[in-house]
Structures are given as structure tokens and as C-alpha cells.
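Please look through this model with me. My notes follow as numbered points.

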Amino acid sequence: MKLAIGSDHAGFNLKEAVKKHLDKKGIEYKDFGTYSEESCDYPDIAKDVALAVKNGQYDFGILICGTGIGISIAANKVRGIRAALCHDTFSAKAARAHNNANILAMGARVIGEGLACEIVDAFLSSAFEGGRHQRRVDKIHLIEDEQQ
């Protein structure tokens, strides 16, 4: 499994904690930035991570900003991306199982390091159930197609 990970300045410290967690688990990732707490624009990071996931270079992505809202909205503008904002393990599992989410978004000002790592584990250990959920995911793509 290969992950693309990124954050804005507000999510930088939580991203660093998540990276240490991934290192301990031996999970491969690429950090798409930002690389400090210096102010930056979250849409730039979201775009880079989302395109890397969309293009198949990485299996999943993790994005972090202050609330997780802005960075997930930006990532979801990329066709084929299903970024899920999760602040609990149940939502992270359901995002994978029911929505086939391919990017996990979190808010550094909302959750702490311990919970963030538990959410990452829940997201990465869950699988898409398919079945009736596939029909719904397919409809998301139809909406995208209708707008082109």
C-alpha cells in the first residue's frame, strides 16, 4: 500500500505525527507538503494529493488542514476522488466500506494525535463492500459526467 499525504500549515504538526505512525507500521507514503507551519493555500496541496491518487500513483491519500473541511472540498473537485472528512473511527470505516473513499481528510484543530492515528488505522484497514454501495458510488460519477 502506498499513500499520498499532505497538509496546509494548520495541519502540519498533525501530519508529522501521522507520518511517524505510518513509519512505525511500515506503510509507504510520499509527503506532498507543506513542510512547515508557514502559511500556505490548502487547495494546492489537495490538488497534488488528489491527482496522485486519481492517476493511480498512490492507493489512498490523507489530507489535513485546520478543520479538514476546506482541504476535503478542494480534493473532491478532482473527478474520481471521494475524500471523506472523518473525526471518528466509525465514520472512517464507513467511508471506506460504503463510499469507497480514496482520501481521508482530518482537522488538526478538531482532533488530537492519538485519535487521528486511530482514524487512519480504521480507514486503511477497512475495505469497500461493493454491492448496493457500488450503485451509489457509480451515481456520483454520473453526476460528474453530467456537469461536463
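**Notes on the fold and surface**

1. T34 lies in the loop between β2 (28–31) and α2 (42–54). Helices (H or I, at least four residues) and strands (E, at least two) are DSSP runs, numbered from the N terminus. A cis peptide bond links G33 to T34, with omega about 0°.

2. This is a predicted model: local features need pLDDT of at least 70, side-chain atom pairs count only at pLDDT 80 or more, and totals for chains, interfaces and linings use all residues. Residues are numbered from 1 along each chain as its sequence is written, and side-chain values use heavy atoms, with hydrogens and water left out.

3. The open sheet has five strands, ordered β2-β1-β3-β5-β4, with parallel pairing. Strands pair if DSSP finds at least two bridges between them. β2 and β4 (83–85) are the edge strands, each pairing on one side only.

4. β4 and β5 run parallel and are joined by three bridges. L85 stands opposite A105 in β5.

5. L85 also belongs to a nonpolar surface patch with I69 and I73, with about 250 Å² of accessible area together (Shrake-Rupley method, 1.4 Å probe; for residues, only the protein chains shown count as cover). Nonpolar side chains (Val, Leu, Ile, Met, Phe, Trp, Tyr) are joined within 5 Å, like charges within 9 Å. I73 sits in helix α3 (residues 69–75).

6. N100 is not a glycine, yet has a positive phi of about 50°. N100 is in the loop between α4 (89–99) and β5 (103–107).

Definitions and conventions: Patch = residues over 30% accessible without salt bridge, like charges linked within 9 Å, V, L, I, M, F, W, Y side chains within 5 Å. Salt bridge = Lys/Arg side-chain N within 4 Å of Asp/Glu carboxyl O.
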